[in-house]
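Please read this briefing alongside the sequence and the coordinates shown here.

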Amino acid sequence: METRKQGVNHNHVTRAALLQAAREHGVAGRVHIPEDGESVNVSK
């Protein structure tokens with residue numbers, strides 16, 4: 001799980017770069033990159 005902190009400029013990786021890296025490593029279909037403000041429910 002990747003987390004992002006927008007307010008203090010901790011996010012040095014953009015969504016586009018993260019998605020590109022996921023594509024390059026063949027895992028883009030298993031990665032969800034949420035939009036700002038999007039909630040994600042992670043359960044078993």
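This is a predicted model: local features need pLDDT of at least 70, side-chain atom pairs count only at pLDDT 80 or more; totals for chains, interfaces and linings use all residues.

Residues are numbered from 1 along each chain as its sequence is written, and side-chain values use heavy atoms, with hydrogens and water left out.

**Fold and surface**
- The protein chain has one helix and zero strands, where helices (H or I, at least four residues) and strands (E, at least two) are DSSP runs numbered from the N terminus.
- Of the 44 residues in the protein chain, 5% are buried, meaning under 20% relative accessible area, with exposed over 50% and partly exposed in between (1.4 Å probe, protein chains only).

**Salt bridge**
- One salt bridge is counted, defined as a side-chain nitrogen of Lys or Arg within 4 Å of a carboxyl oxygen of Asp or Glu.
- Asp36 and Arg15 form this salt bridge, with their closest N and O atoms 2.4 Å apart.
- Because Asp36 lies in the segment after helix H1 (15–24) and Arg15 in helix H1, the pair ties together parts that are 21 residues apart in sequence.
- Asp36 counts as exposed, at 53% relative accessibility.

**Gly29**
- Gly29 is found in the segment after H1 and counts as exposed, at 81% relative accessibility.
- Gly29 and Leu19 are ten residues apart in sequence, and their C-alpha atoms are 10.0 Å apart in space.
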